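Here is a short briefing to read alongside the sequence and the model. Keep the 3D view open and follow the topics in any order you like.

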Amino acid sequence: MNPRKLCVILMLAGMALLLLSLVWFFVAYASPLDTMSRYGDKDVTLQLMACIYSTPPICQGAAFLGDGPSYSPMLFWLGLLLFIAGVIVFFALNKQINQTSFDPKTGPSITSDKLLGFIAREKYTYYTYILFLVGAGGGLLLPPLAIAALLGFVLAVLGYFLYPQQLTSLDKNHLAALSVVYLASTLLLFLTIGSALFILIALAQLVLYYIGFNSYRLGHIINMNNLKEEAILAFKPIRERFSSGEKG
């Protein structure tokens, strides 16, 4: 995909999701907002408006008064992250153009080994995995930390589409796998909010990220055919790894 097209798609998708989240919010909280405006309680109205991007206690109480579908700020944050990703791509493209030299014999080449201007290319996928692990693991204990996984997803998408020539096939394989797992698990988490399945899916997501991280550290390409073997390897005791010669 053309990086400039990706930039436009990300920003348009982000704005569309932000707009959709606002529509959803006003539909879900139409009745409470109408009641507050009638009684002129501006402080409570401002607190209620915070439900667009967070979940303070007042949101749960107001949700029972609303007639529309229950609102979730996840859509707002997803839209915001996609829009920010589009902006980052835009500036990264401009910086990449400035770092590109042209040789009449070989054509254009990148003169910097920093992706996005500040991440070493050999560490790009590693840092992306760290963000996913922090977001998935930390999000179970402190929900706001789940934003780290969103940032990891942004890095994965940017790396795969914006820097395919600078990254190795191993990097691209894991960035693609991370993106697919994130999208699928996020959709399932969104559909199971408030149920016991939510925790199970969140744990499964964390386990998959760890399996992928261990596979990446060992320099293994990961796919559906070897997922079982990589899972066994990821949770094999360290002693067994060394005794079998798997010191990666």
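**An aromatic cluster and its surroundings**

Trp24, Phe25, Phe26, Tyr29 and Tyr71 come together in one aromatic cluster; rings of Phe, Tyr and Trp (its six-membered ring) are paired if their centres lie within 6.5 Å, with planes under 30 degrees apart counted as stacked, over 60 as edge-to-face and the rest as tilted. Please keep in mind that this is a predicted model, in which local features need pLDDT of at least 70 and side-chain atom pairs count only at pLDDT 80 or more, while totals for chains, interfaces and linings use all residues. Residues are numbered from 1 along each chain as its sequence is written, and side-chain values use heavy atoms, with hydrogens and water left out.

**The chain as a whole**

- The secondary structure of the protein chain amounts to eleven helices and four strands; these are DSSP runs numbered from the N terminus, with helices (H or I) of at least four residues and strands (E) of at least two.
- The protein chain has 248 residues, and 38% of them count as buried (buried is under 20% relative accessible area, exposed is over 50%, and partly exposed is in between, with a 1.4 Å probe and protein chains only).
- Taking contacts between residues at least 6 apart in sequence, 61% join residues at least 24 apart, where contact means heavy atoms within 4.5 Å.

**Aromatic pairs**

- A pair of aromatic rings is described by how far apart the centres are and by the angle of the planes.
- The count of aromatic pairs comes to 15.
- Trp24 and Tyr71 make an edge-to-face pair, at 5.2 Å centre to centre with 70° between the planes.
- That pair links distant parts of the chain, 47 residues apart: Trp24 sits in helix α1 (residues 3-28), and Tyr71 in the loop between α4 (57-65) and α5 (74-98).
- Trp24 is buried, at 17% relative accessible area, and Tyr71 is buried too, at 9%.
- Tyr160 and Phe161 also form an edge-to-face pair, with 5.3 Å centre to centre and 80° between the planes.
- Tyr160 is partly exposed at 35% relative accessible area, and Phe161 is partly exposed at 27%.

- Leaving out residues up to four places away in sequence, Ser21 touches Tyr71, Leu75 and Phe76.
- Ser21 and Met74 are 53 residues apart along the chain, with their C-alpha atoms separated by 8.7 Å.

**Helices α9 and α10**

- The axes of helix α9 (residues 196-217) and helix α10 (residues 227-234) come within 9 Å and cross at roughly 85°; axes are lines fitted to C-alpha atoms, for helices over the stretch in contact, and angles run from 0 to 180 degrees between N-to-C directions.
- Helices α9 and α10 are therefore roughly perpendicular to each other (65 to 115 degrees; under 35 is roughly parallel, over 145 roughly antiparallel and the rest oblique).
- On the α9 side, Tyr210, Ile211, Asn214 and Ser215 meet Leu227, Glu230, Ala231, Leu233 and Ala234 of α10.
- The residues of this contact divide into six nonpolar, two polar and one charged; Ala, Val, Leu, Ile, Met, Phe, Trp, Tyr, Cys and Pro count as nonpolar, Asp, Glu, Lys and Arg as charged, and the others, Gly among them, as polar.
- Asn223 lies in the loop between α9 and α10 and is partly exposed, at 34%.
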